[in-house]
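Please keep the sequence and the model open while reading.

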Amino acid sequence: MNTHQTPAQKITKSYVDRLSTPETGQAFIRDTELKGFAVRITSSGAKSFILEKRIDGKVKRLTLGRYPELTVEQARKEAHKLLGHIATGRNPVAEKKQEALQGTTLKQAFGDFVKTRKNLKERTLYDYRRVMSIIFTDWQDKPMIDINKDMVSKRHSKIGAERGEAYANLSMRFLRALFNFSIAQYEDGSGKSILHENPVVRLTQTRAWYRVERRQTIIKPHELKPWFEAIMNLKNDPISQNRETIRDYLLLVLFTGLRREEAASMTWANVDLQAKTLRVTDTKNHSDHNLPLSDFLYDLLQNRKAHAINEYVFHRASGTGYVSEQRKQMAKVIKESGVSFTIHDLRRTFLTIAESLDIPAYAVKRLANHKMSNDVTAGYIVTDVERLRQPMQKITDYILKCAGYRPSATVTDLSEKKSHKTS
């Protein structure tokens with residue numbers, strides 16, 4: 001913006017009323033009686049009073065108010081007051097900014113958090129939004145500085161009693177992350193945070209976090225046969241064309257150990273049927289994950305490729321996006337097989353089988369895409385995708401054998417076998 005310098009004048013009401021509007025930018029007229037006091041006029045004709053003063057080694061410009069809402073006398077009086085504050089070591093710029101930031105609500109902080117954390121995964125963002133809307137509904141319009149340790153402690157206990165201990169911990173971990181972000185994000189003019197402490201620290205100080213045992217459930221070897229029979233019963237119907245897509249999705253998770261979202265959002269651009277490999281790029285540890293395709297997986301993906309309608313391997317029946325809701329079909333499989341499972345149980349099953357087959361630990365870690373940065377020896381090992389092909393096929397053959405099929409059977413074989421039984 002162009003700034004026009006005008007000779008200093010004694011600022012009076014009559015002089016401000018006669019000020020000429022600059023064609024572009026803004027003009028400053030400094031007062032001859034009170035150093036630092038000035039009036040600013042913009043090309044739109046807006047007039048306001050300012051005060052310029054060196055604070056903490058830097059010249060700061062404070063806007064006192066607009067004219068005529070603020071008179072010349074009122075503005076001059078306010079300038080005198082601020083100069084007095086500055087003379088005693090106070091920082092009006094920092095105080096003004098702090099006052100504005102002190103009203104930052106939980107909802108506003110979450111909005112800034114989402115804008116800043118651009119790498120949040122879709123599932124993580126979904127979970128955070130649910131916590132905000134369900135757990136902290138009555139806190140959303142509350143200023144962050146008003147949320148204290150006692151409130152956190154009571155809310156944690158309330159969530160634990162009403163929604164479960166694991167969900168209580170999850171909610172408070174989210175709140176802790178939001179406060180840590182806010183402590184770093186919201187600073188006054190002196191660079192000091194307006195939040196002095198994260199109130200969620202109370203749970204650590206009092207050891208109030210719930211002790212939640214990590215889930216260890218898997219599909220046991222003897223359960224794989226009824227589970228497979230129920231899975232292969234998922235056939236498309238005229239109303240919903242997603243059943244076979246969900247079937248193939250669940251099978252791929254079981255035979256690769258991929259995480260829920262990694263598998264669901266897989267695109268054809270990351271599947272190489274000629275090299276018989278797949279690649280996951282948006283992973284939990286931010287490291288590309290390359291896997292070989294066993295015979296079973298190759299056949300499954302080849303069949304899906306023949307009927308692809310968009311860029312996603314597991315597309316929605318509507319043709320837009322990828323499948324995100326599997327509960328209805330999973331409930332059907334659980335009911336028919338009598339085998340209760342979650343999607344992450346399939347990943348645990350894959351890794352448990354890999355370990356039971358005495359596959360080398362480093363190969364298992366590579367198959368799981370677990371970080372090995374703390375393992376000095378692993379840092380010297382470069383694992384090519386081809387070195388994982390034999391372990392991957394070995395795991396596949398074991399799963400198929402437990403399910404009552406011959407090793408190296410394909411999903412086409414399974415479907416045909418099912419069709420013969422039905423007829």
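The paragraphs below start with the chain as a whole and then turn to its parts.

This is a predicted model, in which local features need pLDDT of at least 70 and side-chain atom pairs count only at pLDDT 80 or more, while totals for chains, interfaces and linings use all residues. Residues are numbered from 1 along each chain as its sequence is written, and side-chain values use heavy atoms, with hydrogens and water left out.

The secondary structure comes to 17 helices and eight strands (DSSP runs numbered from the N terminus: helices are H or I with at least four residues, strands E with at least two). Of the 423 residues, 43% count as buried; buried means under 20% relative accessible area, exposed over 50%, and partly exposed in between, with a 1.4 Å probe and protein chains only. Contacts (heavy atoms within 4.5 Å) with a separation of 6 or more are made to 57% by residues 24 or more positions apart.

Strand β4 (residues 47–55) has seven of its nine residues buried, so the rest of the structure largely encloses this strand. On one side of the pairing, β3 (residues 37–42) runs antiparallel to β4 and is joined to it by five bridges; strands pair if DSSP finds at least two bridges between them. F37 stands opposite L51 in β4. The hairpin of β3 and β4 has four residues between the strands, and G45 takes a positive phi near 95 degrees there. Strand β5 (residues 58–67) is also antiparallel to β4, with nine bridges, and T63 in β5 is the bridge partner of I50. In the hairpin of β4 and β5, two residues lie between the strands and D56 has a positive phi near 50 degrees.

The largest nonpolar core has 61 residues, and W227, F228, L250, L251, F255 and I395 have the most contacts inside it. Such a core is a set of buried Ala, Val, Leu, Ile, Met, Phe, Trp, Tyr and Cys residues joined through side-chain atoms within 4.5 Å. Helix α10 (residues 243–256) gives the largest share of this core, eight residues. Leaving aside neighbours within four places in sequence, L250 is in contact with W227, I231, M330, F341, I343 and L346. Apart from this core lies another, of 28 residues, including L106, L125, Y128 and F179.

In helix α15 (residues 361–368), the residues A363, V364, L367 and A368 are buried. The buried residues of α15 fall within an arc of 135 degrees seen down the axis, so they line one face of the helix; the arc is that of the directions from the helix axis to the C-beta atoms. Their cover includes α10, β8 (289–292), α14 (343–356) and α16 (389–402). Just after α15, N369 takes a positive phi of about 60 degrees.

The whole structure holds 16 salt bridges, each a side-chain nitrogen of Lys or Arg within 4 Å of a carboxyl oxygen of Asp or Glu. One of them joins R304 and D248 (2.9 Å, N to O). R304 lies in helix α12 (residues 295–306) and D248 in α10, so the pair ties together parts 56 residues apart in sequence. R304 counts as buried at 10% relative accessibility, as does D248 at 5%. D345 and R348 form another, with the closest N and O atoms 2.6 Å apart; both residues are buried. Salt bridges that share partners join R30, E52 and R61 into one network.
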